[in-house]
Amino acid sequence: MKSPGGIVCAAVVVLTAASVVFLSVAQGAYHLDPHHWGLMTSNAVDIARGRVPYKEIFIQYGFLTAYIEYLFFAAGNNVLSIIFGVSTLYAMGLAGVYFLTFHLAKKRRVALYAFLTTFLIHPLAIYPWPNYIAFPFIVFGCLAIVKGKNNWWICLLGGVLLGLAVLAREGLFLGLALALVALLPIRLWSSQGGMSAMKLLSPLVGFVLPLGLFVFYLWLNELTYYWWQVAIGLPKLYATIFLVHGPVAAIWDLLKYVFQFSLSEHARQTFFALVSISASVYWIEAMFARWKKPVDADCLFIALITVLLLSSSVHLNEIFRLATSVSLGAGLVYILADRLRLAGLLFACATLALVVGVLGRDSGDYFLPSRAQIEAATTSDRIALFARQRWSQDVFDYYDWYVDAMGVLQTRSCGLSYLRNETRDAFLEALSPFVQYQLMPFGNGMLDVPVDEWSQRLRPDYDYGERLKARDILVITTEKPRAGDDAAPDGDRVFNPFIPPQQAASEGTAPDGYRTFARRITPKSWFLPDGLVTLIFAPAECGEMFPQKEASSP
């Protein structure tokens, strides 16, 4: 029978995890992000359409992330169901921090401190990114490995979960692989009477198992080349932008970001710094105390993997990346503090700093809607994909216009089969009945990423010129507003001042044999703040969407 303390802790964990999902869905309903949520929604829609992974679907971060988000999408057929699914998995990962810390500390109070602190650091999922999907696999994989060290099959399960984390976010491979390899000498070092080879190797075998099955899937379906271009070739190109000064400089920038030690402005980074320091203390202590007492292999393993997971934020220093990786070792801080009888005081100080920090610029949540945005919001069920989203009417009108345009083009029967989307908005691919004919479902990236150039290098089989000659491809692009166009609606949304402006011509020029089928002002959003005009170029034989209205701006 559970003790009253255990029941209270269980209730706190469950209610807090539920609040993560509630807050994520509530904020996500108001947040308009056609780029990030559009990309993952595009993946889910294309999987539902039966298109081929990697060859026809741009799966940038991990096979498992795309398919898990597809399963959530299939449950509701809308963006909000993906938001619900991503936040649920993140909440599970946070709950796993409680169980992992309880195993290491053997004290519910310490485990609760670690859990609540990680929640306060980052209380909701703000992106559809694989960091949130991989997080519970990392936490419960580590828990299985340390908790089941005397049961080879539980360790095997732990390794499988870490392998699945890599399939959710392939960039985790190096850090997790190094940690599992290092686990072998750690356990040999800590064991008094030695360990059987089966118990020793089972985590590594489990880790390799799902990865091996994935490689076999790629080979069997002749997708290895397409996977390689996206998983290996594309990150090399991204490195020229995100690691422009080399990996050493990037690591140094990350350390400067983490070790700021300011409870007033950088409380979250300060706690991650404490986690990193605590992890180092465990290893230093083990080195000096080796001959006096047995080392704690469990804490050493968690300490090592926590430090290695700092790599999740090397290319971009952001709170959510650290919260879904380094938070694994939050318990190490409170275990050390508990030895000094300071765990309660540390938790009180951390709570105060993190709660106050929510109002600061380093809260890690960029998308909290303003009161004006909430008041301007409405709903529309016309497009199932956006059911229960709470956006301003101009956004729904814009996407209604686009869906109507696609419907008209289908009825014209003018030979269209493919789509080229040159905007940042990946929702446009998901809403189109035509097949994507480019590497990514968008053609304009963030941070001046040369998407078109990279697409030609990685997928030369996409011959855009050939499609234009065949006149079977639809082109979605942008131009700057013209005199007489209405101002771009903003729905009282907040915009990112650091996003480079999208490149757009003063006046879009249709390819030879094409004409402007329709045009409309694009609503502004956080990642699309420019207020450009969306143009739809179609073969001349498709005609115009509204010939009688062409003289006026929509």
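Here, "buried" means that a residue has under 20% relative accessible area.

**Stop 1: helix α13**

Select residues 297–308, which make up helix α13. How many of the twelve residues of α13 are buried? Nine of them are, so the helix is largely enclosed by the rest of the structure. To see them, highlight Ala297, Asp298, Cys299, Leu300, Phe301, Ile302, Ala303, Ile305 and Thr306. Now check the length: at 1.5 Å a residue, α13 should span 16 Å, and its end C-alpha atoms are 16 Å apart, which agrees.

**Stop 2**

In general, nonpolar side chains tend to be buried together in soluble globular proteins.

Zoom in on Phe386. Skipping its neighbours within four places in sequence, Phe386 is in contact with Val79, Ser380, Trp391, Phe396, Tyr399, Phe427 and Leu431.

**Stop 3**

Next, show the strands. Five of them form an open sheet with mixed pairing, in the order β4-β3-β5-β7-β6. Which strands stand at the edges? They are β4 (435–436) and β6 (514–521), each with a single partner strand, so one side of each is left without a neighbour in the sheet.

Now pick out β5, residues 473–479. Seven of its seven residues are buried, so this strand is largely enclosed by the rest of the structure. Both of its faces are covered: Ile473, Val475, Thr477 and Glu479 lie on one side, with Leu474, Ile476 and Thr478 on the other.

Look at how β5 pairs with other strands:

- With β3 (residues 418–421), the pairing is parallel, over four bridges. Find Arg420, which stands opposite Val475 in β5.
- With β7 (residues 533–539), the strands run antiparallel and five bridges join them. Here Ile476 stands opposite Ile536, and Thr477 stands opposite Leu535.

**Stop 4**

Select residues 343–357, helix α16. Its 15 residues should span 21 Å at 1.5 Å a residue, and the end C-alpha atoms are 20 Å apart, which agrees. Colour the buried ones: Ala343, Phe347, Ala350, Ala353, Leu354 and Gly357. They cover an arc of only 140° around the axis, which puts them on the same side of α16. As background, an α-helix has 3.6 residues a turn, so residues three or four places apart point the same way. Now turn to the face away from the buried side, where you'll find the exposed residues Leu345, Leu352 and Val356.

Hop from Ala343 to Asp338, which touches it along with Lys107, Arg109 and Val110, not counting residues up to four places away in sequence. Asp338 is found in helix α15, residues 330–339. Is Asp338 buried or exposed? At 15% relative accessibility, Asp338 counts as buried.

Colour the model by pLDDT. The mean for the protein is 91, and 95% of its residues reach 70 or more. Then select residues 549–554, where pLDDT stays under 50. The model has eight contacts beyond four places in sequence for this stretch. Where pLDDT is low, the predicted coordinates should not be read in detail.

Note on methods. Residues numbered from 1 in each chain as written. Predicted model: local features only at pLDDT ≥ 70, side-chain atom pairs only at ≥ 80, totals over all residues. Heavy atoms only, no water. Helix = DSSP H or I, 4+ residues; strand = E, 2+ residues; numbered from the N terminus. Expected span 1.5 Å × (residues − 1). Buried < 20%, exposed > 50% of the residue type's maximum accessible area, 1.4 Å probe, protein only. Arc of directions from axis to C-beta. pLDDT = per-residue confidence, 0-100. Contact = heavy atoms within 4.5 Å. Pairing = 2+ DSSP bridges.
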